[in-house]
Amino acid sequence: MENVTTVNEFLLLELTSTQELQPVLFMTLLIIYMIDLFGNGSILVVVISEPKLYSPMYFFLGNLSCLDICYSSVTLPILMANLLSAHKAISFLGCITQLHFFHFLGCTESILLAMMGFDRFVAICYPLRYTVIMNFKACILLATVAWITSFFYALMHSVMTARLNFCHSLKLNYFFCDVKPLLELACGDIRLNQWLIFIVTGSLAMAACFLTFLSYLYIISFLLFKNRTCRGLHKALSTCASHFMVVSLFYGTVGLTYIPPASATSVSQGRYVAVIHTTVTSLLNPLIYTLRNKEVKLALKRVFGRRLKLSV
């Protein structure tokens, strides 16, 4: 019978064992984190304070920016702290909390991206009914469903993981706390946890991904068959290019992180892709939306221009 260990903390995998690189990585992550906070914070401020952006698309964009700030804050501060610490540990409660918010915010983002795709579908394919279908109450309801559904989904994983016994090494083979690395350290029957990952997580991710790309397929088909020209395809792609880039980046990194690896090298690469998923994705989202969106760029100039005048 395996010895059950009383767990007070877990040891996290270090990003690099080279001492000289740790300060460089720390500064890199700090810069990424500050740009992430500033970029997403700026979009959030503009969406809230600029009346011209009071529309469903920017309501969901504001939600996404708020979510990205929280998402990167779940992993980045601990990653940076461990780069400067000799004891790279996280408490048991801190680990379960990190796991909960990681899945809570990740699931919320996947559902929000599906809703943003649906919003663009209605706006382009049914412009005359857009304000009726995507009214303020409907947007609030959709966002509330996304956040509440994701909270209980993450609660399921955090509760089911917290009840496990651990009898192996307490060193996680990962840079932060997630379900699969913790299951590797658990003893006893973990089939239910694996079933939940495969069925519940897989179903939610595939449904959100399918609905998102289905919206874009309908948009492209609608514009192509309506215009029957190359210009129609160009219009379809340029209209939703920024959102499509964000969706591709999100699901691309998720796929590389969670699809079962074929080799030990793939496992190592997957760990680093997971870091990219939680850091760079949140960083690029505001850049993608502002660089390709004239309304957001003009609103940023107006809002921060007014603030600069008031400060002078």
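**Exercise 1: Aspartate 36**

A polar contact of 2.4 Å links the side chain of aspartate 36 to that of serine 72. The model in which this contact is found is a predicted one.

Task: State in which helix aspartate 36 lies, and decide whether aspartate 36 is buried or exposed.

Solution. 
- Step 1. Aspartate 36 belongs to helix α1, which covers residues 21-49.
- Step 2. The relative accessible area of aspartate 36 is 0%. Buried means under 20%, so aspartate 36 is buried.
- Step 3. Leaving out residues up to four places away in sequence, aspartate 36 touches Gly41, Asp68, Ser72, Ser282 and Leu283.
- Step 4. Aspartate 36 and proline 286 are 250 residues apart in sequence, yet their C-alpha atoms are 8.0 Å apart in space.

**Exercise 2: The whole protein**

Task: Determine how many helices and strands the protein has, and in what pattern they follow one another.

Solution. 
- Step 1. The count is ten helices and four strands.
- Step 2. Along the sequence, the order is β-α-α-β-α-α-α-β-α-β-α-α-α-α.
- Step 3. The protein has 312 residues, and 46% of them count as buried.
- Step 4. Among contacts with a separation of 6 or more, 79% are made by residues 24 or more positions apart.
- Step 5. The accessible surface amounts to about 16400 Å², and carbon and sulfur atoms account for 70% of this surface.

**Exercise 3: Helix α5**

Task: Describe helix α5 by its span, its N-terminal end, its buried residues and the nonpolar patch that includes Phe152.

Solution. 
- Step 1. Helix α5 consists of residues 136-162, 27 residues in number. From first C-alpha to last, helix α5 reaches 39 Å, close to the 39 Å expected at 1.5 Å a residue.
- Step 2. The N-terminal end of α5 is capped by asparagine 135, with a side-chain oxygen 3.1 Å from the backbone nitrogen of lysine 137.
- Step 3. The buried residues of α5 include Ala143, Ala146, Ser150, Tyr153, Ala154, His157 and Thr161. An α-helix has 3.6 residues a turn, so residues three or four places apart point the same way.
- Step 4. Ile148, Phe151, Phe152, Leu155 and Val159 make up a nonpolar patch on the surface, and together they have about 440 Å² of accessible area.
- Step 5. Phenylalanine 152 is located in α5. The relative accessible area of phenylalanine 152 is 52%. Exposed means over 50%, so phenylalanine 152 is exposed.

**Exercise 4: Salt bridges**

Task: Find how many salt bridges the structure holds, and decide whether arginine 120 and arginine 191 are buried or exposed.

Solution. 
- Step 1. Side chains of opposite charge can pair when their charged atoms come close.
- Step 2. The structure has two salt bridges.
- Step 3. One joins aspartate 119 and arginine 120, with 2.9 Å between the closest N and O atoms.
- Step 4. Aspartate 119 has a relative accessible area of 1% and is buried. Arginine 120, at 14%, counts as buried.
- Step 5. Another joins aspartate 189 and arginine 191, at 3.0 Å from N to O. At 61% relative accessibility, arginine 191 counts as exposed.

**Exercise 5: Threonine 253**

Solution. 
- Step 1. Threonine 253 and valine 273 are 20 residues apart in sequence and 6.2 Å apart in space, from C-alpha to C-alpha.

How values were computed:
Residues are numbered from 1 along each chain as its sequence is written. This is a predicted model: local features need pLDDT of at least 70, side-chain atom pairs count only at pLDDT 80 or more; totals for chains, interfaces and linings use all residues. Side-chain values use heavy atoms; hydrogens and water are left out. Helices (H or I, at least four residues) and strands (E, at least two) are DSSP runs, numbered from the N terminus. The expected span of a helix is 1.5 Å times one less than its number of residues. Buried means under 20% relative accessible area, exposed over 50%, partly exposed in between (1.4 Å probe, protein chains only). A polar contact is a pair of N or O atoms within 3.5 Å; within protein, one must be able to donate a hydrogen and the other to accept it, and residues adjacent in sequence count only if both atoms are side-chain atoms. Patches are made of residues with over 30% relative accessible area and no salt bridge: like charges are joined within 9 Å, nonpolar side chains (Val, Leu, Ile, Met, Phe, Trp, Tyr) within 5 Å. Accessible areas come from the Shrake-Rupley method with a 1.4 Å probe; for residues, only the protein chains shown count as cover. A salt bridge is a side-chain nitrogen of Lys or Arg within 4 Å of a carboxyl oxygen of Asp or Glu. Contact means heavy atoms within 4.5 Å.
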